[in-house]
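Please view the chains below before reading on.

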Amino acid sequence: MVNQEEIVKRLMKFVEEKNMPHLLFAGPPGTGKTTAALALSYDLYGEEWRKYVLELNASDERGIGVIRTKVKEFSRSKLPGHVPFKIVLLDEADNMTADAQQALRRLMEMYADNTRFILIANYPSKIIEPIQSRCAVFRFTPLRKEDVIARLKWICEQEKCTYDEEALEVIYEIGGGDLRRAINILQAAAALGHITISTVYKVVGLAHPREVREIIKLALNGKFVEARERLRNLMVNYGLSGTDVLKQMHREIFSADLPLPEEMRVIIADYIGEIQFRIVEGADDEIQLSALLARLALLGRRYNIKL
Amino acid sequence: MSSSPRRVPWVVKYRPKRIAEVVNQDEAKSKFVSWLKSWPNVKKKAALLYGPPGCGKTSLVEAAANEFGYDVLEMNASDFRRASDIERIAMRASRASTLFGKRGRIILLDEVDGISGREDVGGLEAVLRLVRNTNNPVVMTANDPWDPALRPLRGNAELIEFKRLSKRDVVRVLRRICEAENIICEDDALNYIAEKSEGDLRSAINDLEALAIGFRRVTLDVAKTLLRPRDREHNPFETLRNMFSAKYCWQAKISLSQSQLDYEQAMLWIHENLPNQYTDVEDLWRAYEALSRADVYLGRIVRSGDWDLLAYAVDLMTAGVAMAAQNNPRDKYRWTKYSFPQKLLLMARTRETRAVRDDLASIIASHLHVSTTTAKNDVIPLLKIIFTLNPKYAAKLALGLKLSEKMIEFLAGPNKTLVMRYLEELKRKQSEVARKAEEHYVPRKESGENAEEGSKVKHRATRKKGGGLLSYIGKSKQ
């Protein structure tokens with residue numbers, strides 16, 4: 001098992017030798033994958049790194065066509081003598097379909113003489129085998145509690161924020177080893193003044209209201225029209241996709257705060273999965289989620305749920 | 001003159017000559033006039049006038065040009081598809097102004113939302129170049145400025161909104177024209193024409209002209225017979241009534257083929273009104289399951305390009321829904337007040353806000369190196385907290401991220417004015433510091449510029465300045 005410090009040592013070797021293979025950074029969110037790639041770029045190219053690095057996010061660049069055009073244009077430009085290669089940084093690469101990944105594989109081969117790819121993914125298993133085999137794979141692990149807290153303290157010093165020790169522990173418990181999330185929460189909490197456990201909880205509560213749980217409750221109570229209305233507002237105003245909502249619902253139905261018969265949780269999970277599959281097949285978010293709410297209303301009556 | 005054989009269409013003949021003659025739109029008028037008068041000392045060298053068709057956008061430009069002594073060089077959507085055309089007109093405009101000395105020129109690009117992002121990339125880029133380098137005021141018009149393809153133009157233009165004209169506004173103009181043309185027109189008829197135009201003055205004048213040419217005397221009856229929509233298809237309400245009450249599958253299916261609605265609109269109407277028609281939750285679920293399956297087929301059509309699948313989608317959304325009322329079969333015939341799909345209304349109402357939110361998300365995404373989805377789900381909610389609870393700190397972030405006023409409003413809500421005030425203060429201090437630095441001949445440090453940026457941005461900046469990977473190790477060790 002390699003942890004981040006050893007990854008960094010190996011990356012520094014690449015800088016020293018001014019050579020590297022294609023890289024695949026894999027690991028959970030907020031463990032420093034993108035940061036490591038950017039830091040590596042900076043070490044290789046210095047202040048001018050942006051000239052030699054093409055940063056793409058697979059979730060935002062719709063389709064392989066866009067990626068192909070951009071990569072083509074980028075790698076066509078000339079390299080000055082002291083720069084050995086350019087870097088294409090492809091973030092959230094595991095969000096690409098298998099077809100798009102096949103096309104990406106060909107791109108990696110076509111431009112291999114002057115371009116290196118750094119792929120970043122949460123789940124390496126979603127990256128197709130032929131790409132994995134062309135990359136040196138680095139696995140990033142969630143940060144340890146003491147590392148997260150030390151980093152938060154360091155930021156507080158830099159920003160001259162005052163804090164209660166326990167508040168930082170609570171932030172760690174909420175974010176887990178996800179440092180980005182932890183820093184985001186810290187920054188918002190700091191905006192409220194002295195950082196305490198209660199400001200941290202306040203921030204988290206305000207940022208992620210229990211809207212999805214309320215929608216589930218309304219549907220189970222047979223209040224379909226209200227549930228659909230709230231769902232619609234949630235999606236339009238917050239810009240959540242159908243899949244975002246489904247994932248949150250999936251978390252909620254197994255939560256102890258929602259007292260349901262255990263067998264019912266399983267039935268609902270199965271149907272959420274079915275609806276997600278329909279959306280992936282190209283169906284409309286709102287109609288599919290409404291169908292799910294109608295199903296919840298029916299189950300609520302069958303199991304005589306009153307929440 | 002009006003009886004001369006060569007007729008000028010009324011929309012041209014009665015086009016306003018002076019700004020005051022442009023109907024309503026006071027806010028837009030004053031914004032546009034003050035922009036035009038201060039040109040070229042303006043923040044943005046182009047203006048984008050937007051609003052529904054026939055509300056006076058082009059008229060205002062021509063009236064203003066007339067009043068302030070400009071010539072108008074006009075290009076239509078179909079003209080500026082090619083980059084070379086736009087460059088040619090820009091050349092012509094700059095040459096002409098040197099030739100004739102004082103008389104300025106306004107470059108008018110009508111209906112810029114007609115340039116589609118995909119096919120006319122060159123055209124859009126040429127417009128952008130023109131806007132950035134122009135020596136003449138550039139005025140663009142659009143019905144729909146929130147088209148994502150127009151995002152770069154939006155950022156480079158003064159946005160001026162035109163409101164939909166009211167029925168009263170339209171009637172007033174029509175009446176004036178009737179008087180000038182010696183037409184006798186019943187008030188009811190004028191009202192009918194105005195109502196039908198839905199605030200589009202141009203189409204109302206055209207309709208009036210069409211009716212008046214033959215008759216000289218316009219009555220409500222004439223208006224109704226001649227202006228009635230030609231199609232005799234069922235409206236959405238009739239469609240839904242026929243579909244829900246169908247006893248047999250073929251009746252339900254035929255209700256859609258006889259409808260004004262296409263299958264996609266029908267889907268939205270059925271979705272909206274299902275829970276009003278069916279009271280039993282099991283019936284409701286059965287109907288939704290059918291609708292959901294129909295929707296899956298539509299998705300498959302898009303993916304596979306196989307339109308044969310449409311038949312199955314239609315079966316499920318019509319017959320599938322109509323046959324779902326098994327527990328309470330009488331619900332099928334129950335009189336129900338059907339409503340317009342709320343989703344469409346909500347989307348239209350929130351369009352501007354959503355465009356602002358998406359622009360904001362891409363700024364955050366590029367600063368933090370995350371996807372726009374992550375920016376929307378994880379970062380924006382926290383920013384909203386900061387902006388509502390700590391305006392002073394929010395102003396710093398706004399400065400660092402270079403947020404627009406609309407974005408600040410989106411994040412801060414009613415706190416916007418407070419944040420804006422702090423932001424102005426920060427900007428003033430910053431320029432003072434810059435001036436002092438210049439006076440003392442202190443060479444400006446590269447990093448000085450970033451010093452005031454929001455802390456998250458700053459961390460990245462300092463980390464990078466501190467030298468890549470080494471400090472990265474420090475991060476996990478500290």
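In what order do the five strands of the open sheet in chain A lie? The order is S2-S3-S4-S1-S5, with parallel pairing. This is a predicted model, in which local features need pLDDT of at least 70 and side-chain atom pairs count only at pLDDT 80 or more, while totals for chains, interfaces and linings use all residues. Residues are numbered from 1 along each chain as its sequence is written, and chains are lettered from A and ligands numbered from 1 in the order in which they are written.

**Terms for strands and helices**
- Helices (H or I, at least four residues) and strands (E, at least two) are DSSP runs, numbered from the N terminus.
- Two strands count as paired if DSSP finds at least two bridges between them.
- Strands of a sheet pair through backbone hydrogen bonds, either parallel or antiparallel.

**The sheet of chain A**
- Five strands of chain A form this open sheet, and its edge strands are S2 (53-57) and S5 (135-139), each of which pairs on one side only.
- From one strand to the next, the twist averages 15° (axes are lines fitted to C-alpha atoms, for helices over the stretch in contact, and angles run from 0 to 180 degrees between N-to-C directions).
- Strand S1 (residues 22-26) of chain A runs parallel to S4 (residues 115-121) of chain A, and four bridges join them.
- Phe25(A) has Ile120(A) as its bridge partner in S4(A).
- Helix H4 (residues 63-76) of chain A packs on the sheet and touches S2, S3 (86-91) and S4 of chain A (contact means C-beta atoms, placed from the backbone, within 7 Å).
- The direction of H4 of chain A makes about 175° with that of S2(A).

**Helix H5 of chain A**
- Gln101(A), Leu104(A) and Met108(A) are the buried residues of H5(A) (buried means 20 or more other C-beta atoms within 10 Å of the residue's own, exposed 12 or fewer, and partly exposed in between, with C-beta atoms placed from the backbone).
- On the other side of H5(A), Asp99(A), Arg106(A) and Glu109(A) are exposed.
- The cover over the buried residues of H5(A) includes S1, H4, S4 and H6 (129-134) of chain A.

**The sheet of chain B**
- Five strands of chain B form an open sheet in the order S2-S3-S4-S1-S5, with parallel pairing.
- Its edge strands are S2 (70-75) and S5 (157-161) of chain B.
- Strands S1 (residues 46-50) and S4 (residues 138-142) of chain B pair in the parallel sense over five bridges.
- Ala47(B) has Val139(B) as its bridge partner in S4(B).

Technical notes
Two residues are in contact if their C-beta atoms, placed from the backbone, lie within 7 Å.
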